[in-house]
Amino acid sequence: MERIQINKHVSYSRIVHGFWRLNEWGYNNKQLNDYMHEIVDRGITTMDHADIYGKYTCESLFGEALALTPNLREKIEIVTKCGIILPSDHNPKFDGHRYDLSYQHIIESVDRSLLNLKTDYIDTLLLHRPSPLMDPDEVTRAVMHLVDEGKIKAFGVSNFKCNQYELLNESLKREKSHISVNQVEVSPYQLENIEDCTLNRMQQHDVKVMAWSPLAGGEIFNENNPKSTRILEVIEQLASKYNVPASTIIYSWLLKLPANVMPIVGSSKIERVDEAVNATKLQLTDQEWFDIYVASRGKDIL
Ligand SMILES: NC(=O)c1ccc[n+]([C@@H]2O[C@H](COP(=O)([O-])OP(=O)(O)OC[C@H]3O[C@@H](n4cnc5c(N)ncnc54)[C@H](OP(=O)(O)O)[C@@H]3O)[C@@H](O)[C@H]2O)c1
(Lines give C-alpha, C1' and ligand atoms only; values in the text may rest on other atoms or scores of the structure.)
Protein backbone atom coordinates (compact mmCIF):
# COMPACT_ATOMS: atom_id res chain seq x y z
CA MET A 1 0.00 0.00 0.00
CA GLU A 2 1.19 3.51 -0.86
CA ARG A 3 2.60 5.52 2.06
CA ILE A 4 2.15 9.25 2.63
CA GLN A 5 5.00 11.05 4.40
CA ILE A 6 3.58 13.26 7.16
CA ASN A 7 6.86 14.67 8.45
CA LYS A 8 10.38 13.33 8.75
CA HIS A 9 9.37 10.97 11.59
CA VAL A 10 5.94 9.68 10.54
CA SER A 11 4.31 8.21 7.45
CA TYR A 12 0.74 6.93 7.06
CA SER A 13 -0.83 4.20 4.98
CA ARG A 14 -2.91 5.71 2.14
CA ILE A 15 -6.01 4.10 3.64
CA VAL A 16 -6.50 4.78 7.36
CA HIS A 17 -8.75 2.92 9.78
CA GLY A 18 -10.97 4.84 12.22
CA PHE A 19 -12.14 3.70 15.65
CA TRP A 20 -14.92 6.19 16.40
CA ARG A 21 -17.56 3.46 16.50
CA LEU A 22 -15.39 0.84 18.23
CA ASN A 23 -17.54 0.59 21.36
CA GLU A 24 -20.49 -0.47 19.17
CA TRP A 25 -18.63 -3.34 17.51
CA GLY A 26 -18.95 -5.83 20.37
CA TYR A 27 -15.39 -7.16 19.97
CA ASN A 28 -13.60 -8.59 23.02
CA ASN A 29 -9.87 -7.78 23.41
CA LYS A 30 -8.75 -10.88 21.51
CA GLN A 31 -11.19 -10.29 18.63
CA LEU A 32 -10.14 -6.64 18.37
CA ASN A 33 -6.47 -7.60 18.45
CA ASP A 34 -7.10 -10.13 15.64
CA TYR A 35 -8.96 -7.44 13.67
CA MET A 36 -6.06 -5.01 14.10
CA HIS A 37 -3.65 -7.65 12.76
CA GLU A 38 -5.92 -8.30 9.78
CA ILE A 39 -5.97 -4.59 8.97
CA VAL A 40 -2.18 -4.35 9.24
CA ASP A 41 -1.77 -7.46 7.05
CA ARG A 42 -3.60 -5.49 4.33
CA GLY A 43 -1.13 -2.60 4.62
CA ILE A 44 -3.38 -0.31 6.68
CA THR A 45 -1.17 0.76 9.57
CA THR A 46 -2.63 4.15 10.54
CA MET A 47 -5.29 4.04 13.25
CA ASP A 48 -7.47 7.08 13.94
CA HIS A 49 -8.83 7.88 17.41
CA ALA A 50 -10.03 10.75 19.58
CA ASP A 51 -10.10 11.03 23.35
CA ILE A 52 -13.90 11.44 23.30
CA TYR A 53 -14.77 8.46 21.05
CA GLY A 54 -17.32 6.19 22.70
CA LYS A 55 -17.74 8.77 25.49
CA TYR A 56 -14.06 8.46 26.39
CA THR A 57 -14.01 4.63 26.14
CA CYS A 58 -12.61 3.73 22.70
CA GLU A 59 -8.97 4.58 23.34
CA SER A 60 -8.95 2.24 26.36
CA LEU A 61 -10.64 -0.59 24.44
CA PHE A 62 -7.97 -0.20 21.75
CA GLY A 63 -5.13 0.01 24.31
CA GLU A 64 -6.26 -3.20 26.05
CA ALA A 65 -6.32 -5.06 22.73
CA LEU A 66 -2.97 -3.60 21.65
CA ALA A 67 -1.38 -4.76 24.91
CA LEU A 68 -2.06 -8.41 23.97
CA THR A 69 0.68 -8.17 21.31
CA PRO A 70 2.98 -5.28 22.29
CA ASN A 71 5.16 -5.67 19.17
CA LEU A 72 2.17 -4.47 17.11
CA ARG A 73 2.76 -0.94 18.44
CA GLU A 74 5.87 -0.42 16.31
CA LYS A 75 3.99 -1.50 13.17
CA ILE A 76 1.21 1.07 13.46
CA GLU A 77 0.77 4.82 13.66
CA ILE A 78 -1.69 6.11 16.23
CA VAL A 79 -3.49 9.37 15.52
CA THR A 80 -5.60 10.83 18.30
CA LYS A 81 -7.38 14.09 18.96
CA CYS A 82 -8.16 16.41 21.82
CA GLY A 83 -10.01 19.66 22.42
CA ILE A 84 -13.67 18.68 22.77
CA ILE A 85 -15.09 18.38 26.26
CA LEU A 86 -18.17 16.24 26.83
CA PRO A 87 -19.89 15.80 30.20
CA SER A 88 -18.46 12.60 31.70
CA ASP A 89 -18.81 10.66 34.96
CA HIS A 90 -15.11 9.69 34.61
CA ASN A 91 -13.83 13.23 35.16
CA PRO A 92 -15.52 15.96 37.26
CA LYS A 93 -13.71 18.64 35.20
CA PHE A 94 -15.78 17.55 32.17
CA ASP A 95 -18.93 19.25 33.37
CA GLY A 96 -20.27 20.67 30.10
CA HIS A 97 -20.01 20.57 26.32
CA ARG A 98 -17.39 22.99 25.00
CA TYR A 99 -14.05 23.20 23.23
CA ASP A 100 -10.89 23.61 25.27
CA LEU A 101 -7.63 24.27 23.41
CA SER A 102 -5.80 25.60 26.47
CA TYR A 103 -2.22 24.56 27.23
CA GLN A 104 -3.31 22.68 30.33
CA HIS A 105 -6.12 20.77 28.63
CA ILE A 106 -3.95 19.72 25.66
CA ILE A 107 -1.14 18.47 27.92
CA GLU A 108 -3.51 16.63 30.29
CA SER A 109 -5.49 15.16 27.42
CA VAL A 110 -2.37 13.71 25.79
CA ASP A 111 -1.28 12.19 29.09
CA ARG A 112 -4.71 10.52 29.44
CA SER A 113 -4.58 9.26 25.84
CA LEU A 114 -1.12 7.78 26.40
CA LEU A 115 -2.40 5.90 29.45
CA ASN A 116 -5.59 4.74 27.72
CA LEU A 117 -3.82 3.64 24.55
CA LYS A 118 -1.07 1.96 26.59
CA THR A 119 1.69 3.61 24.62
CA ASP A 120 4.42 6.11 25.40
CA TYR A 121 4.05 8.15 22.22
CA ILE A 122 1.35 9.30 19.83
CA ASP A 123 2.32 9.50 16.17
CA THR A 124 0.08 12.48 15.49
CA LEU A 125 -1.96 14.66 17.80
CA LEU A 126 -4.82 16.58 16.16
CA LEU A 127 -6.94 19.39 17.58
CA HIS A 128 -10.40 17.92 17.04
CA ARG A 129 -12.17 21.17 16.10
CA PRO A 130 -11.28 24.85 15.85
CA SER A 131 -12.47 26.96 18.77
CA PRO A 132 -13.52 30.63 18.70
CA LEU A 133 -11.55 30.90 21.95
CA MET A 134 -8.30 29.40 20.57
CA ASP A 135 -5.13 31.25 21.51
CA PRO A 136 -2.69 30.06 18.81
CA ASP A 137 0.43 30.84 20.85
CA GLU A 138 -0.90 28.79 23.75
CA VAL A 139 -1.52 25.83 21.44
CA THR A 140 1.99 26.25 20.01
CA ARG A 141 3.48 26.21 23.52
CA ALA A 142 1.68 22.94 24.27
CA VAL A 143 2.72 21.36 20.96
CA MET A 144 6.39 22.32 21.41
CA HIS A 145 6.35 20.91 24.96
CA LEU A 146 4.80 17.60 23.81
CA VAL A 147 7.29 17.26 20.94
CA ASP A 148 10.23 18.04 23.28
CA GLU A 149 9.00 15.37 25.70
CA GLY A 150 8.74 12.81 22.88
CA LYS A 151 5.03 12.34 23.54
CA ILE A 152 3.93 13.30 20.00
CA LYS A 153 5.81 12.88 16.72
CA ALA A 154 3.65 15.11 14.53
CA PHE A 155 0.89 17.65 14.99
CA GLY A 156 -2.22 18.53 13.02
CA VAL A 157 -5.79 19.74 13.14
CA SER A 158 -9.24 18.55 12.19
CA ASN A 159 -12.19 20.43 10.74
CA PHE A 160 -10.10 23.60 10.31
CA LYS A 161 -10.99 26.03 7.54
CA CYS A 162 -8.21 27.90 5.72
CA ASN A 163 -8.18 30.99 7.95
CA GLN A 164 -8.18 28.94 11.14
CA TYR A 165 -5.34 26.85 9.73
CA GLU A 166 -3.35 29.97 8.86
CA LEU A 167 -3.87 31.59 12.27
CA LEU A 168 -2.44 28.58 14.06
CA ASN A 169 0.20 27.70 11.49
CA GLU A 170 1.68 31.22 11.60
CA SER A 171 2.21 30.81 15.32
CA LEU A 172 3.78 27.35 14.92
CA LYS A 173 6.06 28.65 12.17
CA ARG A 174 7.54 31.20 14.57
CA GLU A 175 8.77 28.16 16.55
CA LYS A 176 9.98 26.41 13.37
CA SER A 177 7.06 23.98 13.51
CA HIS A 178 3.94 23.60 11.37
CA ILE A 179 0.60 21.84 10.92
CA SER A 180 1.22 18.53 9.12
CA VAL A 181 -2.33 17.16 8.77
CA ASN A 182 -5.90 18.42 8.44
CA GLN A 183 -8.63 15.81 8.91
CA VAL A 184 -11.86 16.98 7.29
CA GLU A 185 -15.13 15.51 6.07
CA VAL A 186 -15.01 14.67 2.36
CA SER A 187 -17.11 12.23 0.36
CA PRO A 188 -19.22 12.21 -2.78
CA TYR A 189 -22.04 13.17 -0.41
CA GLN A 190 -20.17 15.99 1.35
CA LEU A 191 -18.39 18.36 -1.06
CA GLU A 192 -17.97 21.39 1.20
CA ASN A 193 -14.21 21.11 1.70
CA ILE A 194 -13.72 20.68 -2.04
CA GLU A 195 -15.96 23.57 -3.01
CA ASP A 196 -14.71 26.09 -0.43
CA CYS A 197 -11.07 25.42 -1.51
CA THR A 198 -9.95 23.92 1.82
CA LEU A 199 -8.39 20.98 -0.04
CA ASN A 200 -6.68 23.34 -2.52
CA ARG A 201 -5.11 25.32 0.30
CA MET A 202 -3.94 22.18 2.09
CA GLN A 203 -2.36 20.94 -1.13
CA GLN A 204 -0.69 24.33 -1.66
CA HIS A 205 0.85 24.15 1.83
CA ASP A 206 1.68 20.43 1.62
CA VAL A 207 -0.66 19.69 4.54
CA LYS A 208 -1.79 16.06 4.33
CA VAL A 209 -5.55 15.52 4.21
CA MET A 210 -7.44 12.73 5.97
CA ALA A 211 -11.07 12.27 4.88
CA TRP A 212 -13.52 11.36 7.63
CA SER A 213 -16.87 9.68 6.95
CA PRO A 214 -15.89 8.72 3.37
CA LEU A 215 -19.24 6.90 3.04
CA ALA A 216 -21.06 9.78 4.78
CA GLY A 217 -21.37 7.56 7.85
CA GLY A 218 -23.40 5.04 5.78
CA GLU A 219 -25.92 7.74 4.75
CA ILE A 220 -24.87 7.46 1.11
CA PHE A 221 -26.56 4.03 1.07
CA ASN A 222 -29.86 5.38 2.49
CA GLU A 223 -32.48 4.63 -0.14
CA ASN A 224 -34.90 7.06 1.50
CA ASN A 225 -32.57 10.01 1.00
CA PRO A 226 -33.07 11.58 -2.48
CA LYS A 227 -29.54 13.03 -2.58
CA SER A 228 -28.06 9.62 -1.72
CA THR A 229 -30.15 7.76 -4.32
CA ARG A 230 -29.16 10.32 -6.96
CA ILE A 231 -25.44 9.81 -6.23
CA LEU A 232 -25.75 6.08 -5.76
CA GLU A 233 -27.43 5.60 -9.13
CA VAL A 234 -24.26 6.84 -10.87
CA ILE A 235 -21.99 4.95 -8.48
CA GLU A 236 -23.90 1.68 -9.03
CA GLN A 237 -23.48 1.99 -12.82
CA LEU A 238 -19.73 2.32 -12.36
CA ALA A 239 -19.73 -0.50 -9.81
CA SER A 240 -21.24 -2.84 -12.44
CA LYS A 241 -18.85 -1.58 -15.12
CA TYR A 242 -15.80 -2.31 -12.94
CA ASN A 243 -17.39 -5.31 -11.19
CA VAL A 244 -16.69 -3.95 -7.70
CA PRO A 245 -18.93 -2.93 -4.77
CA ALA A 246 -20.25 0.65 -4.67
CA SER A 247 -17.98 1.56 -1.77
CA THR A 248 -14.86 0.78 -3.87
CA ILE A 249 -16.04 3.37 -6.41
CA ILE A 250 -16.56 5.88 -3.60
CA TYR A 251 -13.06 5.36 -2.18
CA SER A 252 -11.47 5.60 -5.64
CA TRP A 253 -13.39 8.87 -6.22
CA LEU A 254 -11.71 10.22 -3.06
CA LEU A 255 -8.28 8.84 -4.02
CA LYS A 256 -8.42 10.71 -7.33
CA LEU A 257 -8.42 14.09 -5.59
CA PRO A 258 -5.01 15.75 -6.17
CA ALA A 259 -4.65 16.63 -2.48
CA ASN A 260 -3.69 12.94 -1.93
CA VAL A 261 -6.64 12.44 0.38
CA MET A 262 -6.40 9.54 2.85
CA PRO A 263 -9.88 8.05 3.41
CA ILE A 264 -10.60 6.79 6.95
CA VAL A 265 -12.54 3.52 6.89
CA GLY A 266 -15.14 3.43 9.67
CA SER A 267 -16.34 -0.15 9.34
CA SER A 268 -15.92 -3.06 11.74
CA LYS A 269 -15.99 -5.63 8.94
CA ILE A 270 -12.87 -6.87 7.22
CA GLU A 271 -14.66 -7.42 3.89
CA ARG A 272 -15.51 -3.70 3.86
CA VAL A 273 -11.87 -2.87 4.62
CA ASP A 274 -10.99 -4.92 1.52
CA GLU A 275 -13.43 -2.83 -0.52
CA ALA A 276 -11.39 0.25 0.46
CA VAL A 277 -8.03 -1.40 -0.18
CA ASN A 278 -9.20 -2.52 -3.65
CA ALA A 279 -9.95 1.10 -4.54
CA THR A 280 -6.20 1.78 -4.58
CA LYS A 281 -6.03 -0.43 -7.71
CA LEU A 282 -8.90 1.27 -9.56
CA GLN A 283 -8.57 4.46 -11.62
CA LEU A 284 -11.77 6.30 -12.46
CA THR A 285 -11.67 8.43 -15.61
CA ASP A 286 -12.06 12.18 -15.23
CA GLN A 287 -15.53 11.92 -16.79
CA GLU A 288 -16.58 9.24 -14.28
CA TRP A 289 -15.31 11.41 -11.42
CA PHE A 290 -17.32 14.37 -12.71
CA ASP A 291 -20.46 12.25 -13.22
CA ILE A 292 -20.43 11.47 -9.47
CA TYR A 293 -19.59 15.09 -8.62
CA VAL A 294 -22.47 16.43 -10.69
CA ALA A 295 -24.89 13.87 -9.21
CA SER A 296 -23.92 15.11 -5.74
CA ARG A 297 -24.29 18.80 -6.68
CA GLY A 298 -27.70 18.09 -8.17
CA LYS A 299 -26.92 20.48 -11.02
CA ASP A 300 -24.49 20.42 -13.90
CA ILE A 301 -21.16 22.26 -13.86
CA LEU A 302 -21.06 25.44 -15.91
N1 LIG B 1 -12.37 14.42 12.83
C2 LIG B 1 -13.67 14.31 12.97
O3 LIG B 1 -14.37 15.25 13.36
C4 LIG B 1 -14.30 12.98 12.65
C5 LIG B 1 -15.71 12.86 12.60
C6 LIG B 1 -16.25 11.63 12.28
C7 LIG B 1 -15.40 10.54 12.01
N8 LIG B 1 -14.05 10.68 12.10
C9 LIG B 1 -13.13 9.55 11.82
O10 LIG B 1 -13.49 8.98 10.57
C11 LIG B 1 -13.70 7.58 10.73
C12 LIG B 1 -14.68 7.09 9.71
O13 LIG B 1 -15.94 7.75 9.88
P14 LIG B 1 -17.27 6.95 9.68
O15 LIG B 1 -17.33 5.81 10.63
O16 LIG B 1 -18.41 7.91 9.67
O17 LIG B 1 -16.98 6.34 8.20
P18 LIG B 1 -17.93 5.86 7.04
O19 LIG B 1 -17.16 4.82 6.30
O20 LIG B 1 -18.45 7.03 6.27
O21 LIG B 1 -19.17 5.21 7.76
C22 LIG B 1 -19.04 3.99 8.42
C23 LIG B 1 -20.44 3.50 8.72
O24 LIG B 1 -21.05 3.16 7.47
C25 LIG B 1 -21.47 1.82 7.55
N26 LIG B 1 -21.31 1.18 6.23
C27 LIG B 1 -20.16 0.86 5.62
N28 LIG B 1 -20.40 0.27 4.41
C29 LIG B 1 -21.73 0.21 4.32
C30 LIG B 1 -22.59 -0.29 3.32
N31 LIG B 1 -22.11 -0.86 2.21
N32 LIG B 1 -23.91 -0.19 3.53
C33 LIG B 1 -24.40 0.37 4.65
N34 LIG B 1 -23.62 0.88 5.65
C35 LIG B 1 -22.30 0.80 5.47
C36 LIG B 1 -20.56 1.15 8.58
O37 LIG B 1 -21.19 0.01 9.12
P38 LIG B 1 -20.38 -1.38 9.32
O39 LIG B 1 -19.54 -1.24 10.54
O40 LIG B 1 -21.49 -2.35 9.47
O41 LIG B 1 -19.57 -1.63 8.08
C42 LIG B 1 -20.41 2.27 9.59
O43 LIG B 1 -21.51 2.32 10.47
C44 LIG B 1 -14.13 7.44 12.21
O45 LIG B 1 -13.92 6.15 12.72
C46 LIG B 1 -13.23 8.44 12.87
O47 LIG B 1 -11.95 7.87 13.06
C48 LIG B 1 -13.49 11.88 12.40
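Why is strand β5 (residues 77-82) largely enclosed by the rest of the structure? I opened this predicted model with that question in mind.

**Entry 1, burial of β5.** I went along the strand residue by residue. Six of the six residues of β5 turned out to be buried, so the strand is largely enclosed by the rest of the structure. I used under 20% relative accessible area as the cut-off for buried.

**Entry 2, neighbours of β5.** I then looked up the pairing partners. Three bridges link β5 to strand β4 (residues 46-48) in the parallel sense. Here Met47 has Ile78 of β5 as its bridge partner. Strand β8 (residues 124-127) also runs parallel to β5, and four bridges join these two. In that pairing I found Lys81 bridged to Leu126 of β8.

My next stop was the ligand, which takes up the space of the largest pocket. I found 26 residues around the ligand, and Asp48, Ser213, Ser267, Lys269 and Arg272 come nearest. The side chain of Gln183 places an N or O atom 2.9 Å from a nitrogen atom of the ligand. For Phe19, a backbone N or O atom lies 3.4 Å from an oxygen atom of the ligand. Gly218 likewise has a backbone N or O atom 3.4 Å from a ligand oxygen atom. Last, I noted the areas: the ligand taken alone exposes 910 Å², and the protein buries 86% of that.

Methods. Residues numbered from 1 in each chain as written. Predicted model: local features only at pLDDT ≥ 70, side-chain atom pairs only at ≥ 80, totals over all residues. Heavy atoms only, no water. Buried < 20%, exposed > 50% of the residue type's maximum accessible area, 1.4 Å probe, protein only. Pairing = 2+ DSSP bridges. Near = heavy atom within 4 Å. Polar contact = N/O pair within 3.5 Å; in protein donor to acceptor, adjacent residues only side chain to side chain. Areas by Shrake-Rupley, 256 points an atom, 1.4 Å probe, with all protein chains shown as cover. 1 Å grid on protein atoms, 1.4 Å probe; cavity = no way out; pocket = protein on both sides within 12 Å on 5 of 7 lines; lining within 4 Å. Sits in = over half its atoms within 2 Å of the grid points.
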